[in-house]
Amino acid sequence: MSEPGFVRFDEVSVRYGEGAGSVLALERADLSFARGDFVCIVGPSGCGKTTMMQTLAGFLAPTGGAVSLAGKPVTGPAPERGVVFQQPTLFPWMSVAANAGFGPRMRGENPAEAKARVERWLRTTGLWEFRDRYPYELSGGMQQRLAIARALCNEPLVLLMDEPFGALDALTREHMQEELHAVWRRTGMTVVFITHSVEEAVYLGTEVVVMSPRPGRIVERIPLPFARDESAADIRAVKSSPDFIRARERVLSLIWGMQHDA
Ligand SMILES: Nc1ncnc2c1ncn2[C@@H]1O[C@H](COP(=O)(O)OP(=O)(O)OP(=O)(O)O)[C@@H](O)[C@H]1O
């Protein structure tokens, strides 16, 4: 079922600007993974995580190498690649349901099908009873759930998340991690997730990808068992288990070592 090259970064380099003042943000980054994987990218600040994700989103063309999804080169943004940012970019004048259904509506999809999909994802993200409210009536966590529901209403092949829980308080963040994990388990979707929280990455990821300081390269890929463990639904139990703490410390010491050597 799963294709190892579902998402591929082939020797991807990105240089911002030209000449002496230019910045090489990413240098021949190579990464490939299968459909259904939950890939968490971590690394020191400024190492090129967002740059890498933007090449997959199609917001940024690499200066070298190529990015592909499901065998097709990425040449620009498309609904098959849903993006969720740290700040939920919602339309304040639209209701929750209208925000969620924006993509399908813009593409002129069959209204009954679009409506069913909106209901499905608003129910999945616990927002169905708030469907007639407006973004300002929602908490920060609910707004971010809506941003996720809106991306999922486009039925993307891959969901790209750049520090999606970075602006939330610690308790809400943990709750959101649990919810995202449950949605991922239920749907088997493919996720690329950038985070500064190693604990979050180790809990959510089927794999943690560690990048070097700028220019960013992939220095280590660490497969993780926690996300796929059937008995691991209880976030507190997982995060306090000795195996989890060992894995978290391993990733932390890798990043710590790189920052120290830099
Ligand atoms: N538009 C731009 N023009 C010039 N330099 C840029 C631009 N965007 C990013 N950079 C530089 O490229 C490097 C990588 O940035 P990027 O945002 O991808 O890193 P990051 O790992 O996501 O950082 P952080 O963890 O701090 O969010 C940084 O040194 C940054 O200053």
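The model is predicted, so local features need pLDDT of at least 70, side-chain atom pairs count only at pLDDT 80 or more, and totals for chains, interfaces and linings use all residues. Residues are numbered from 1 along each chain as its sequence is written, and side-chain values use heavy atoms, with hydrogens and water left out.

Student: Which helix supplies the largest share of the shell around the ligand?

Tutor: The surrounding residues include S45, G46, C47, G48, K49, T50, T51 and H196. Helices here are DSSP runs of H or I with at least four residues, and strands are runs of E with at least two, numbered from the N terminus. Three residues of the shell come from the helix that gives the largest share, α1 (residues 49-57).

Student: How far is a polar side-chain atom of H196 from an oxygen atom of the ligand?

Tutor: A polar contact is a pair of N or O atoms within 3.5 Å. For C47, a backbone N or O atom lies 3.1 Å from a ligand oxygen, and for K49 a side-chain N or O atom is 2.7 Å from one. For H196, the distance from the polar side-chain atom to a ligand oxygen is 2.7 Å.

Student: What is the volume of the largest pocket?

Tutor: A pocket is an open set of points on a 1 Å grid over the protein atoms alone, where a 1.4 Å probe fits, with protein on both sides within 12 Å along at least five of seven lines; lining residues have an atom within 4 Å of a point. The lining has 19 residues, with P79, R81, G82, V83 and N154 nearest the centre. Volume is the space filled by probe spheres set on the points, which are joined across faces, edges and corners. For the largest pocket this is about 390 Å³.

Student: Which peptide bond is cis, with omega near 0 degrees?

Tutor: Most peptide bonds are trans. P215 lies in the loop between β9 (207-211) and β10 (218-223). The cis bond runs from R214 to P215.

Student: Where does E11 lie?

Tutor: Most residues other than glycine have a negative phi. E11 has a positive phi, near 50 degrees. Its place is in strand β1 (residues 7-16).

Note on methods. Near = heavy atom within 4 Å. Polar contact = N/O pair within 3.5 Å; in protein donor to acceptor, adjacent residues only side chain to side chain.
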